[in-house]
Amino acid sequence: MMVKFCNKTRTCSLKVFPFDKFPSHVRYLDTKSYRPLAVQETLKEYGAVIWLEPPEHFTTSKLNKVLAQAQKEGIAAWTIQEPASALIHPKMFKYFKTKQNNYFFLRAAKANQLIIYNTEKIRQDLMLPWVKCALTEECINPTGAQNFGCNYDLKPRFRYMGCHKYDMAALNVILGLMFDFSESPYEVEEEIFGVLVTEQNGNSTSPRYVTRDKLTQIS
């Protein structure tokens, strides 16, 4: 389907991720070690990345405000309610030589929705450590880490909830160090991505876009 679509336009190309170039643990898709590597490969080639993943679509063509924010800081990201500390295995903080309590009040940024520009600051302070972590199994996947069994009822909410978010966890550790543990410089409020769902209204159906988080609630 993708090849058929790309053959109809000069602005689309389909590429296969080169797993053979990287350590064997990158093939374990659950850790998503490939994501920072794919972002870096694309940044080198094109200078900027708008990263989103299926089944999401663009829901608007009005991107100027978000792109301007991303150009200013080098990155724009969308956050969730959970503090970053709740989603990061404690051993990852040790790898980056920082402390868990620095992240108690930092809202976690999602790694599946990002806009990144290839600036000097981004290359050195974000992509270099993110790629290094992705290539180092004990960083991206610390011993004892798992991405299931999350306890969302833990109090206080900044406690580690027992499930590690791998590449997303590393991204948030790095963003905390870059922006002095404040998400405000890169956090985006505008919703420009969504998942198309069909709702039943009596005898008719109507399509609409919802965020990925709301899709989980609908399901």
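Buried means under 20% relative accessible area, exposed over 50%, and partly exposed in between, with a 1.4 Å probe and protein chains only. The model is predicted: local features need pLDDT of at least 70, side-chain atom pairs count only at pLDDT 80 or more, and totals for chains, interfaces and linings use all residues. Residues are numbered from 1 along each chain as its sequence is written, and side-chain values use heavy atoms, leaving out hydrogens and water.

**Overall fold**
- The protein chain contains 8 helices and 6 strands, taken as DSSP runs numbered from the N terminus (helices: H or I, at least four residues; strands: E, at least two).
- Their order along the sequence is α-α-β-β-α-β-α-β-α-α-α-β-β-α.
- The C-alpha trace spans about 50 × 45 × 35 Å along its principal axes.
- Of the 219 residues in the protein chain, 42% are buried.

**Disulfide of Cys133 and Cys139**
- The structure has 2 disulfides, a disulfide being a pair of cysteine sulfur atoms within 2.5 Å.
- One of them links Cys133 and Cys139, with an S to S distance of 2.0 Å.
- This link is left-handed, with -95° about the S-S bond.
- Both Cys133 and Cys139 are buried.

**Disulfide of Cys150 and Cys163**
- The sulfur atoms of Cys150 and Cys163 lie 1.8 Å apart and form a disulfide.
- Cys150 and Cys163 both lie in the loop between α6 (137–140) and α7 (166–178), so the pair ties together parts 13 residues apart in sequence.
- Because the torsion about their S-S bond is about 115°, the disulfide is right-handed.
- Cys150 counts as partly exposed at 24% relative accessibility, whereas Cys163 counts as buried at 0%.
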